[in-house]
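This report concerns nonpolar packing and aromatic pairing.

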Amino acid sequence: MTAPARRRTLALALPLALLLGGCTGTVNLEAAPEANALACAEISVRLPDTVGELERRSTNAQATAAWGEPTAVIYRCGLPPIGPSDLPCFTVDGVDWLLDDSNAPSFSFVSYGRTPVTEVIVDNDVVRGPEALRPISAAVAAVPAEMRCLDATDVFGGGTVPGEEPAQTPALEEQTGAPEPSGTPAP
């Protein structure tokens, strides 16, 4: 799936889940294409009962989870593998995540370098990205990494890229609550 198509899909996921799962007991979610993968079961049994102060809720789809009333954090496992991406990549507790902030203040985090891919959608008005990702990363880490994000020093052998000045942008954590990117996804 291309980055723009993924963004459109992710942009619809949280508002739809909020609408469907708002004040009901069970959150209605759609299972990912590879939700029946054994690795999804390995992760699912390790998911936390709480994310931040948000209690876990029941969902109606395999390899999914949701936290908060109304739903503020959504987890799905079983997305197809992701290749190189232009999305920022950062590491939380040993797990690389791609950040899609195109639907801010709802942020979509997609695991990178692990199969199957997991997705976490966070309503940043309710809970900050790192606060949601830390307990979920512990579960996702049960699946071994096959690839990792690289930064410029990995690609260019250390140091800086000649002729380029480092960009002076506000810290990612200031914008989204996410830690600074660790690099870009490896090809």
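A nonpolar core is a set of buried Ala, Val, Leu, Ile, Met, Phe, Trp, Tyr and Cys residues joined through side-chain atoms within 4.5 Å; buried means under 20% relative accessible area with a 1.4 Å probe, protein chains only. The model is predicted, with local features requiring pLDDT of at least 70 and side-chain atom pairs pLDDT 80 or more, while totals for chains, interfaces and linings use all residues. Residues are numbered from 1 along each chain as its sequence is written, and side-chain values use heavy atoms, leaving out hydrogens and water.

The largest nonpolar core has 30 residues, of which Trp 67, Val 73, Tyr 75, Trp 97, Phe 109, Val 120 and Ile 136 touch the most other members. Elements giving two or more residues to this core include helix 2 (38-44), strand 5 (73-79) and helix 3 (129-140); helices (H or I, at least four residues) and strands (E, at least two) are DSSP runs, numbered from the N terminus. Helix 3 gives the most, with 5 residues. A second, separate core of 10 residues includes Ala 32, Ile 82, Leu 87 and Cys 89.

The structure holds 1 aromatic pair (ring centres within 6.5 Å, using the six-membered ring of Trp; planes under 30 degrees apart are stacked, over 60 edge-to-face, the rest tilted). The centres of the Phe 90 and Phe 109 rings are 5.9 Å apart and their planes lie at 90°, so the pair is edge-to-face. Because Phe 90 lies in strand 6 and Phe 109 in strand 8, the pair ties together parts 19 residues apart in sequence.

| Residue | Relative accessibility | Class |
|---|---|---|
| Phe 90 | 0% | buried |
| Phe 109 | 0% | buried |

Methods
Buried < 20%, exposed > 50% of the residue type's maximum accessible area, 1.4 Å probe, protein only.
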